[in-house]
Amino acid sequence: MNLTIPNEQADWRTKGLWQPRAVPLEEFAAARHPLFGGPFTWPVMVARRSALDHNIAALAAFCGEHGLAFAPHGKTTMAPSLFQDQLDAGAWGITAATANQVLAYRTFGVPRILLANELLDPTALRWLGGEVDRGMEFLLYADSPEGVAAVSAAAGERPFRVLVELGHPGGRTGCRTVEELAGVARAVAAAPGAELAGVAGYEGGLPDVPSAAAYLRALRDATIALSPLLPRDAVVTAGGSAYFDQVAEHLAGDWLPGHDLTVVLRSGAYVSHDDGIYTKKTPFTRVPGSLDAALEIWAQVTSVPEPGLAIVGMGKREAPYDAGLPVPLKLRRADGTIVPAEGLSVTDTNDHHAYVAFGDQAPRPGDLICFGISHPCTAFDKWQVIPVVDDDHTVIDLIRTYF
């Protein structure tokens, strides 16, 4: 199916695009502007089409190989054009983190939505109950009797499909013991307006592979313990972008007797990957496969005020810094020559400035530096419009985000 993507314009409010007059995004993209010399201003974040396509295909193939359904986490990009690409590649649905994200997805026309979170807000739940009555395929979490009661009270004619969540000590949401999980599952089964659909978990916050593996084994054991309460078409879901190989190893397959099990992976950051935290964390360092960093921020050197220090017009408002500072990749000289950014490193950032240390290769004012980023989830939300470039840096499309 085709998602509905609102008609949007680029104008003076669109960061990175120099558009004093409004122009439809489709028209802007159709012009095939060059990134260097086109209507752009620095800094600007772009996404490489070849890397996006490679990453989407890589996770689709991984899920196909292991028999996993895939509901990529849309909070990473909040971009309906990328949701469309993921659905076209075979995604089972799209995962959300908040009620407002579900509202956006429903507006786009996402066919199946998994809210990987508890929801107790009666305003949102009442609206969602109406949408479920109108045929929306929707699942959400519960980890407490209060959560079950909130869902039950807001349901319409059709019940909410609920996944009971198992957490782990020190983690986010989720029952801490199987006994607590079973109690919530029994509450769901007994509540009007609620229907037990399966079990959910999240291992991405754990520090290493052994701890993630141990948690996923516990999730599997808990599901087996709850099997008498589960429907025949049971759902089990887990998985971020750091341990999806462990999800495949410990949850894939036909291991729940008497049930037709759907195991749903929820990785999100994979779609753009990065040059920082996920370069180190990706499971493709352990199992066959690869991901390519798709995001680049091109920013201009505005000052070289002292030996060994360049100031670049890019800061916390343009680049993520929560999981590592931007990584200089390439240096584009004023004459258009592009060379590797050897010896350059970002040491600090302000709101709109980056401090770049350098050695023998000295940037000059007016040069451009291409930066890779660390943690795409806090990169996409800084840009409403992201040019998509081919490998020659011609702009061939625009991604519109909705945070």
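Reader: What is the relative accessible area of L368, which is buried?
Author: The model is predicted, so local features need pLDDT of at least 70 and side-chain atom pairs count only at pLDDT 80 or more, while totals for chains, interfaces and linings use all residues. Residues are numbered from 1 along each chain as its sequence is written, and side-chain values use heavy atoms, with hydrogens and water left out. Buried means under 20% relative accessible area, exposed over 50%, and partly exposed in between, with a 1.4 Å probe and protein chains only. L368 counts as buried because its relative accessible area is 5%.

Reader: Which residue in β12 is the bridge partner of V44?
Author: Strand β3 (residues 44-48) is largely enclosed by the rest of the structure, because four of its five residues are buried. Two strands pair if DSSP finds at least two bridges between them, and β3 pairs with β19 (residues 385-389) in the parallel sense over two bridges, A47 standing opposite V388 there. With β12 (residues 295-306), β3 pairs in the antiparallel sense over four bridges, and the partner of V44 in β12 is W298.

Reader: Which are the edge strands of the open sheet of eight strands?
Author: The eight strands run in the order β4-β11-β10-β9-β8-β7-β6-β5, with parallel pairing. The edge strands, each of which pairs on one side only, are β4 (69-70) and β5 (94-96).

Reader: What angle does the direction of helix α4 make with that of β5?
Author: Strand β5 pairs with β6 (residues 112-118) in the parallel sense over three bridges, and I94 stands opposite I113 in β6. Helix α4 (residues 99-108) packs on the sheet, touching β5, β6 and β7 (137-142). Angles run from 0 to 180 degrees between N-to-C directions, and axes are lines fitted to C-alpha atoms, for helices over the stretch in contact. The direction of α4 makes with that of β5 an angle of about 150°.

Reader: How far apart in space are E165 and N117, C-alpha to C-alpha?
Author: E165 is found in strand β8 and counts as buried at 5% relative accessibility. Not counting residues up to four places away in sequence, E165 touches several residues, among them E118, Y141, D143 and T173. E165 and N117 are 48 residues apart in sequence, and their C-alpha distance is 8.8 Å.

Reader: Which residues of α9 do L59, F62 and H66 in α2 meet?
Author: Helix α2 (residues 49-66) and helix α9 (residues 244-251) pack at about 15° with their axes 10 Å apart. That makes α2 roughly parallel to α9, since angles under 35 degrees count as roughly parallel, over 145 as roughly antiparallel, 65 to 115 as roughly perpendicular and the rest as oblique. In the contact, L59, F62 and H66 in α2 meet, in α9, F244, D245 and A248.

Methods: Contact means heavy atoms within 4.5 Å.
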